[in-house]
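Try each task before you read its solution.

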Amino acid sequence: LQETKSRRASMTCKVIECKVDKSTVSNYTLKTLNKMFIESKWLYNSILSSNNIGNYDTKTTEVQVKVKDKFEKRELENISAQMKQGIKARIFSSIATLKALQSKGYKTGKLKFKREVKCIPLKQHTQTFTILKHSRRIKIQGIKKPLKVNGLNQLPKIYEIGNANLVKSANDFYIKITLFTPKEVISVPNQSIGIDFGCESQLTLSNGEKIKYQVPISKKVKKLDQELSRRMKGSNNYSKTLVKREKAYNNLTNKRKEIKNQIVNKLVKNYQTIIFQDENISSWKMDRHGKKVQFSAIGGIISALQRKAVTPIVVEKWYPSTQICSKCGSRQKMKKSERTYICKSCQATFDRDINAAINIEKEGLRIKQIPMEYRELKPVEIKTSSGNLLPNCPKVQSMKQETQPSLVVG
């Protein structure tokens, strides 16, 4: 175990998602899969209701389930012993997380009983699950025939399998596999970039590029929301509409994730030092920009850059990036409606967002004491450019100032 831990510490952890092909699965197997999630819910609530969670016997084959005002015995026929141990370990992990939050002064409640369990841990490869790569199938303990899945082509040439999770979402089944692969040595250009996040242009870069994208709620989702409100809770039509609605929302979430991953990947691979401000996203939501923030997933981009960038530098949120002239350094107040910065001291003219991005880059490099080489950009007509950061992404509108900037060393 120690050798495995030390070896994997120098490897990259990845998670791939495979979807079970329901068209090749029999009705009996589908019933077994659904029953596994129901039994996991019974076991979870039974462990949580016990007087001593630590002494709970995971080898038990039956549990007490509350039905209306009385308790009845239910047999656990489909989940294995290791699955039961994984559910118990997950409860312990949740309790440890709550305790850590309490020690930091946060107000926390207690774990609640679950109406449904959507994730079953598969702890050990070749025991609870086995990957049959050549036949594109995965064998799960408790299910007789291997399940045909889509997505095993994501497996790299060299990898170690950690564990997996069987997930149920919108009446579909997924298997999320944790892998460990050798770290890739990527040479990132020794360049810096400043980023100003906003609502109109989601990302404005200090090189003059603006990235705009929105994934709003579609008409189909709105229609399903209205239809669900008219259904009676507990009816079959309500359940069917709920599944359709969940699938539609999952589709929107996946589109936002795709755009986020493309933006972060391009930034991380092209710039060694990425500088951005600690944005107060919650205040944006209060300032009539809640939907724009929701549709753009800016918070996810910020957290991903903090994890993946070679040298992420975060400028404090109180830094007045929009009020300072990026040329002479003088400061003046601006209204939110003003989109062009005209300096009263040196008469320099800038696009408001690009001026803020340049100031964020300068401030970040000043904090880390890194010499800066940047381009002075002026607010001319902005139009689409083929040499931008994301030229091949149809969902992202990448704009760059068409100008011949002079090189300024600061």
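**Exercise 1.** Which residue in β9 is the bridge partner of Leu166?

*Solution.* Keep in mind that you're looking at a predicted model. Start with the two strands: β8 covers residues 160-169 and β9 covers residues 172-182. They run antiparallel, and eight bridges join them. Now follow the pairing from Leu166 across to β9, and you land on Ile175.

**Exercise 2.** Work out the strand order of the open sheet, then find its edges and the helices that pack on it.

*Solution.* Step one is the order. Seven strands line up as β4-β8-β9-β1-β7-β6-β5, with antiparallel pairing.

Step two is the edges. β4 (119-122) and β5 (129-132) each have a single partner strand, so one side of each has no neighbour in the sheet. Going from one strand to the next, the twist averages 30°.

Step three is the helices. Helix α1 (residues 2-9) touches β1 (11-20), β8 and β9, and its direction makes about 80° with that of β8. Helix α2 (residues 27-49) lies across β4, β6 (137-140), β7 (147-150), β8 and β9. Against β8, α2 runs at about 95°.

**Exercise 3.** Describe how helix α4 packs against helix α5.

*Solution.* Begin with the geometry. α4 spans residues 219-230 and α5 spans residues 236-270; their axes are 10 Å apart and the packing angle is about 155°. Angles over 145 degrees count as roughly antiparallel, so that's the label for α4 against α5. As for handedness, α4 passes α5 in a left-handed crossing.

Next, pick out the residues that meet. α4 contributes Val221, Leu224, Asp225, Glu227 and Leu228. From α5 come Tyr238, Thr241, Leu242, Lys244, Arg245, Ala248, Tyr249 and Leu252. Sort the contact by class and you get eight nonpolar, one polar and four charged residues.

**Exercise 4.** Is Asn355 buried or exposed, and which residues does it contact beyond its sequence neighbours?

*Solution.* First, locate it: Asn355 sits in helix α8 (residues 352-368). The cut-off for buried is under 20% relative accessible area; Asn355 has 0% relative accessibility, so it counts as buried.

Then look around it. Setting aside neighbours within four places in sequence, Asn355 is in contact with Ser321, Thr322, Ile324, Cys325, Ser326, Tyr341 and Phe350.

**Exercise 5.** Where do Lys68 and Arg136 sit, and what is the phi of each?

*Solution.* Recall the background: most residues other than glycine have a negative phi. Lys68 has a positive phi of about 60° without being a glycine. You'll find Lys68 in the loop between β2 (62-67) and β3 (70-75). With 76% relative accessibility, Lys68 counts as exposed.

Arg136 also has a positive phi, near 55°. Arg136 is in the loop between β5 and β6. At 45% relative accessibility, Arg136 counts as partly exposed.

**Exercise 6.** Zoom out: how many helices and strands does the protein chain have, and what percentage of its residues is buried?

*Solution.* The tally is eight helices and 20 strands. Of the 410 residues in the protein chain, 40% are buried. To finish, take contacts between residues at least 6 apart in sequence: 65% of them join residues at least 24 apart.

How values were computed:
Residues are numbered from 1 along each chain as its sequence is written. This is a predicted model: local features need pLDDT of at least 70, side-chain atom pairs count only at pLDDT 80 or more; totals for chains, interfaces and linings use all residues. Side-chain values use heavy atoms; hydrogens and water are left out. Axes are lines fitted to C-alpha atoms, for helices over the stretch in contact, and angles run from 0 to 180 degrees between N-to-C directions. Helices (H or I, at least four residues) and strands (E, at least two) are DSSP runs, numbered from the N terminus. Angles under 35 degrees count as roughly parallel, over 145 as roughly antiparallel, 65 to 115 as roughly perpendicular and the rest as oblique. A crossing is left-handed if the near helix is turned anticlockwise from the far one by less than a right angle, and right-handed if clockwise. Contact means heavy atoms within 4.5 Å. Ala, Val, Leu, Ile, Met, Phe, Trp, Tyr, Cys and Pro count as nonpolar, Asp, Glu, Lys and Arg as charged, and the others, Gly among them, as polar. Two strands pair if DSSP finds at least two bridges between them. Buried means under 20% relative accessible area, exposed over 50%, partly exposed in between (1.4 Å probe, protein chains only).
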